[in-house]
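Please look at the fold shown below and keep it in view while reading. The paragraphs that follow go through its strands, its helices and a few single residues in turn.

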Amino acid sequence: MTAADTAAELLSVAREAASAACTLVHTNRPDSLSVSTKSTATDHVTDMDRASEALIREVIADRRPDDAVVGEEEGGDAALSGVTWWVDPIDGTTNYVYDHPGYAVSVAAWVDGTPTAAVVEDPTHARTYWATAGGGAFCNGHRLVLGDPPPLAQMLVATGFGYEARRRRAQGQVVAELLGEVRDIRRMGAAAVDLCSVASGRVDAYFEVGLSRWDLAAGMLVAAEAGATVESIEGGPPRAESVLACHPGRIDELRGLLVGLGAHRV
Ligand code: LIP
């Protein structure tokens, strides 16, 4: 099997799993949710996050029984070699709890630690993004290719805030300074969607600290395959703890600004 065949097979599993999960959580959203908290009083998990992850795991186990799976709600261990699935059953759970548009199901397959196939399904906007390594990024079947970036002062920059009050205050201070240097900021509430928004040109860049790998694992491949550079804020490979996605022609300037504001240290 060629690398492209492997990526195509993994993508088909990811698409099946994400689509089933979106039908469950969005199309068949229950009238009332059972909501509990995780790291802080505002970090929610619902019964539908858990049901979505269970369903995605069922699809993967059926089609790829030997692969490792790591998910936000059930955890798991990444494989040292071979395929690991990174699953965020509902990225943007706060949006989901409030029935606010912009949550997503995010499913990625990494082979030997390399992002290989990815799906981010955003049901409230009827957008399904997918990408394979070297095969390009798509939204609802349309190829995504980054256009020329605007000057720094005209960039629309997406970000997100953590769940812990001390960190949120520090993030707010960074954003207060950033607002004077760029066109504006956006806080949509789901990292996977933010990365796909970079890929689609709906924002010019995205940065955030304090995520988990399942938040990023699919969206970063979509952004990269559309032509964005995805790194950590301070430079080097992206980490869950620090991510910056931007057109390669503007990333150094934006990084200089963000590092100067201490965005990577909050
Ligand atoms: C969310 C991220 C978002 C971030 C939130 C949270 P969750 O993931 O996608 O970008 O700002 O703090 O981490 O918790 O909804 O899966």
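Strand β8 (residues 136-139) pairs with β9 in the antiparallel sense over three bridges, where two strands count as paired if DSSP finds at least two bridges between them, and within this pair C139 stands opposite H142 of β9. Strands and helices here are DSSP runs numbered from the N terminus, a strand being E over at least two residues and a helix H or I over at least four. This is a predicted model, in which local features need pLDDT of at least 70 and side-chain atom pairs count only at pLDDT 80 or more, while totals for chains, interfaces and linings use all residues. Residues are numbered from 1 along each chain as its sequence is written, and side-chain values use heavy atoms, with hydrogens and water left out.

Strands β8 and β9 belong to an open sheet of seven strands, whose order is β3-β4-β5-β6-β7-β8-β9 and whose pairing is mixed. At its edges stand β3 (68-71) and β9 (142-144), and because each has a single partner strand, one side of each is left without a neighbour in the sheet. Neighbouring strands of this sheet are turned by 20° against each other on average, direction ignored.

Which helices lie across these strands? Helix α2 lies across β3, β4 (83-91) and β5 (104-111), running at about 150° to β4, whereas helix α5 (residues 191-200) lies across β4, β5, β6 (114-122), β7 (127-132) and β9, at about 100° to β6. For such angles, axes are lines fitted to C-alpha atoms, for helices over the stretch in contact, and the angle runs from 0 to 180 degrees between N-to-C directions; contact means heavy atoms within 4.5 Å.

Helix α2 (residues 47-63) also packs against helix α1 (residues 3-27), at an angle of about 150° and with the axes 9 Å apart. The two helices are therefore roughly antiparallel, a description that applies to angles over 145 degrees, while those under 35 count as roughly parallel, 65 to 115 as roughly perpendicular and the rest as oblique. The residues that make this contact include V13, A17 and L24 of α1 and L55, V59 and R63 of α2.

Helix α1 also holds A7, which is buried with a relative accessible area of 4%; buried means under 20%, exposed over 50%, and partly exposed in between, using a 1.4 Å probe and protein chains only. Leaving aside neighbours within four places in sequence, A7 is in contact with T116, A117 and T132. The C-alpha atoms of A7 and G160, by contrast, are separated by 30 Å, and these residues are 153 apart along the chain.

Another strand to follow is β12 (residues 205-209), five of whose five residues are buried. In a regular strand the side chains alternate between the two faces of the sheet. Both faces of β12 are covered, with A205, F207 and V209 buried on one side and Y206 and E208 buried on the other. Strand β10 (residues 156-159) runs parallel to β12 and is joined to β12 by three bridges, with A158 having Y206 as its bridge partner. Strand β14 (residues 242-246) runs antiparallel to β12, with five bridges between them, and here V209 stands opposite S242.

In the loop between β14 and α8 (251-261) lies H247. Is H247 buried or exposed? At 18% relative accessibility, H247 counts as buried, and, not counting residues up to four places away in sequence, H247 touches L146, G147, D148, P149 and D204.
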